[in-house]
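Hi,

Here is the structure I promised to pass on to you. Have a look at it first, and then read my notes below.

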Amino acid sequence: MNVTTAVPLLSAFAGYGVEIEYMIVDREHLNVCPLADRLLQDDEGRPASEVLHGEIGWSNELVLHVLELKNPHPVPSLEELPAAFRAAVREINAKLAPLDAQLMPGGMHPWMNPRSEAMLWPHENAAIYRSYDRIFDCRRHGWANLQSMQLNLPFAGDAEFARLHSAVRLVLPILPALAASSPWADGRFSGYMNYRLAIYRDHQSQVPSSMGDCIPEPSASPDEYRNRVLEPMYREIATYDAVLGADAGALSHEWLDVRAAVPRFSRSAIEIRLLDVQENPFADLAVAAAVSALVRRIYADSVRAPLPTPRLLSILEDCTRDAEQAPITDGRYLASLGLPTTSCRAGEAWQRLIEILTDDGLLAPLWLPPLRRIAEHGTLARRLASTLDGEAARLRPVYRQLCHCLRDNQPFLATD
């Protein structure tokens, strides 16, 4: 589920880790294909949960139709990653071609039926996945049909954790306004630009403490987080020990914490989990660059009192539904981001923030083309919804175009 390779302790913003999940679909109909274990094999041809190809690791993500790509070691700059991710996509598509399959980007498959089509990974770590399935029922949206880009930011020591956690927490509500890409599910428009997130919030409802209020609670230290978040979560999952039988205790791990951003103390990083997958890795990495630059700018400011979770959650809910068109009327929140206005749309906030981050030298010009495309034409979700215009008959040709964008590293442009 996460980067597991041991890494040296890094200070905040001294390294970056990116994980991008893709669906495997057949080339003709674009239905999901359970082929991940055909790609994930060790040197002796046996299925492996993770393999390294050049600079990029390939790994499984619960179900057999999803493949995750990641840099297994932190890189000092995100600018090092576009060529490596693009090469990985090319290599995987080349391996899938003889199987009449390919990769598809986006936050969700727009017509997949998880109940009938999902197949859990049956190899290494399968016992953990079976445990999750027994408790949470993983053959549904929120488990078997979601693709996210996860951004890992390191910290070294308690003080850096507290500042980084506070800065990340403040940025989370507006992330769907930059990265939403999941407007359709079950063959119809969902009513949300970021439907992946809308259903993700309930996917572990059997253990409420594992999600909390989605926006993480303020935490001044790792010990406070462990005591306030992790220990209650472990106590709650322990009530399922009878259900898990021989696997009892397997889920008492930081993996179980699925808030919008979670500390991974095993590798001293905070993992941001709210970002939908974009049309190609360059767009994903541009989003990651903008998010990390904004977190860095807030981190550098003087310590401020945290905003209440309900206040942040309200903004997140609006952005989940309406993405860049969501109105933000909380002047204190906007001021905390460094914006001198009492209200604006979320997309306008991002447009101004990107200008500030660029002027401050925190955001490299390399990333501006995809970010300006989002500012001018809307999130990928908006472009997909506009092109589909409510017509389910257009799903396959539009998502075939999306697959071509991934294959060719090109932007997705809305059409009438």
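Helix 5 and helix 10 are oblique to each other. Please keep in mind that this is a predicted model. Two packed helices are described by the angle between their axes and the distance between the axes. Here, the axes of helix 5 (residues 158-171) and helix 10 (residues 281-300) cross at roughly 125° and come within 9 Å. Their crossing is right-handed. On the helix 5 side, the contact is made by Glu 160, Arg 163, Leu 164, Ala 167, Val 168, Leu 170 and Val 171. Helix 10 brings Val 291, Leu 294, Val 295, Ile 298, Tyr 299 and Ala 300 to this contact. Sorted by class, 11 of these residues are nonpolar, two are charged and no polar ones take part.

Next, go to helix 15 (residues 380-388). Eight of its nine residues are buried, so this helix is mostly covered. Among the buried ones are Arg 382, Arg 383 and Thr 387, along with Leu 380 and Leu 388. The buried residues of helix 15 pack against strand 7 (184-185), helix 11 (309-322), helix 14 (368-377) and helix 16 (395-408). Just after helix 15 comes Asp 389, which has a positive phi of about 50°.

Finally, find Pro 370, which sits in helix 14. Is Pro 370 buried or exposed? Its relative accessibility is 5%, and buried means under 20%, so Pro 370 counts as buried. Leaving aside residues up to four places away in sequence, Pro 370 touches Phe 282, Ala 283 and Ala 286.

Enjoy exploring!

Methods. Residues numbered from 1 in each chain as written. Predicted model: local features only at pLDDT ≥ 70, side-chain atom pairs only at ≥ 80, totals over all residues. Heavy atoms only, no water. Axes fitted to C-alpha atoms, helices over the stretch in contact; angles between N-to-C directions. Helix = DSSP H or I, 4+ residues; strand = E, 2+ residues; numbered from the N terminus. Parallel < 35°, antiparallel > 145°, perpendicular 65-115°, else oblique. Left-handed = near helix turned anticlockwise from the far one by under 90°. Contact = heavy atoms within 4.5 Å. Nonpolar A, V, L, I, M, F, W, Y, C, P; charged D, E, K, R; others polar. Buried < 20%, exposed > 50% of the residue type's maximum accessible area, 1.4 Å probe, protein only.
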